[in-house]
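Student: Hi, could you go through this model with me? I'd like to start with charged pairs and then move on to packing.

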Amino acid sequence: MKNNNQLNIPEAREAMDKFKMEAASEVGVDLKQGYNGHLTSREAGSVGGQMVKKMIEAYEQNLK
């Protein structure tokens with residue numbers, strides 16, 4: 001199975017990594033640079049959920 005974890009704009013990787021670290025910090029998940037195989041599914045899901053929440057909030061702010 002092919003990994004589709006690629007960004008359309010390679011330069012965006014650093015910004016996305018920073019965004020992910022901020023979201024992890026906000027939900028209290030100890031995220032490290034690189035591989036994070038120690039995370040539970042719940043922890044990983046809470047980071048992803050926080051990222052989506054922040055993206056929706058930013059989108060809604062742009063609508064105003």
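Student: What do the side chains of K18 and E22 meet in?

Tutor: K18 and E22 meet in a salt bridge, at 3.6 Å from N to O. The term means a side-chain nitrogen of Lys or Arg within 4 Å of a carboxyl oxygen of Asp or Glu. Please bear in mind that this is a predicted model, where local features need pLDDT of at least 70 and side-chain atom pairs count only at pLDDT 80 or more, while totals for chains, interfaces and linings use all residues. Residues are numbered from 1 along each chain as its sequence is written, and side-chain values use heavy atoms, leaving out hydrogens and water.

Student: How are K18 and E22 placed in helix 1?

Tutor: They are 4 residues apart there, so about one helical turn separates K18 from E22. Helices here are DSSP runs of H or I with at least four residues, strands are runs of E with at least two, and both are numbered from the N terminus.

Student: Is K18 buried or exposed? And what about E22, buried or partly exposed?

Tutor: K18 is exposed, at a relative accessible area of 55%, and E22 is partly exposed at 34%. The cut-offs are under 20% for buried and over 50% for exposed, with partly exposed in between, using a 1.4 Å probe and protein chains only.

Student: How many salt bridges does a search of the whole structure find?

Tutor: The search finds 3. One of them joins E26 to K54, whose closest N and O atoms are 3.0 Å apart. E26 lies in helix 1 and K54 in helix 2, so this pair ties together parts that are 28 residues apart in sequence. E26 is partly exposed at 44% relative accessible area, and K54 is partly exposed at 23%.

Student: Which residue forms a salt bridge with D30?

Tutor: That's K32, with 2.7 Å between the closest N and O atoms. K32 counts as partly exposed, at 43% relative accessibility.

Student: Okay, changing topic. Which residues make up the largest nonpolar core?

Tutor: There are 8 of them: F19, A23, A24, V29, L31, L39, V47 and M51. A nonpolar core is a set of buried Ala, Val, Leu, Ile, Met, Phe, Trp, Tyr and Cys residues joined through side-chain atoms within 4.5 Å. Helix 1 (12–26) and helix 2 (41–63) are the elements that give two or more residues to this core. The largest share, 3 residues, comes from helix 1. As background, nonpolar side chains in soluble globular proteins tend to be buried together.

Student: What does L39 touch?

Tutor: L39 touches V29, D30 and L31, not counting residues up to four places away in sequence. Contact means heavy atoms within 4.5 Å.

Student: Back to helix 1. Which residues are buried in it, and where do they fall?

Tutor: F19, A23 and A24 are buried in helix 1. Seen down the helix axis, the buried residues fall within an arc of 135°, so they line one face. That arc is taken from the directions from the helix axis to the C-beta atoms. The buried residues of helix 1 pack against helix 2, while the face turned away from the buried side carries the exposed residues E14, K18 and S25.

Student: How far apart are the end C-alpha atoms of helix 1?

Tutor: They are 21 Å apart, which agrees with the 21 Å that its 15 residues should span at 1.5 Å a residue. The expected span is 1.5 Å times one less than the number of residues.

Student: And what follows helix 1?

Tutor: G28 follows helix 1, and its phi is positive, near 75°.

Student: Where is Q50, and is it buried or exposed?

Tutor: Q50 is in helix 2, and it is buried at a relative accessible area of 15%. Leaving out residues up to four places away in sequence, Q50 touches A23, E26 and V27.

Student: Last one: where does N36 lie, and what is it in contact with?

Tutor: N36 lies in the loop between helix 1 and helix 2. N36 counts as buried, at 17% relative accessibility. Leaving aside its neighbours within four places in sequence, N36 is in contact with D30 and L31.
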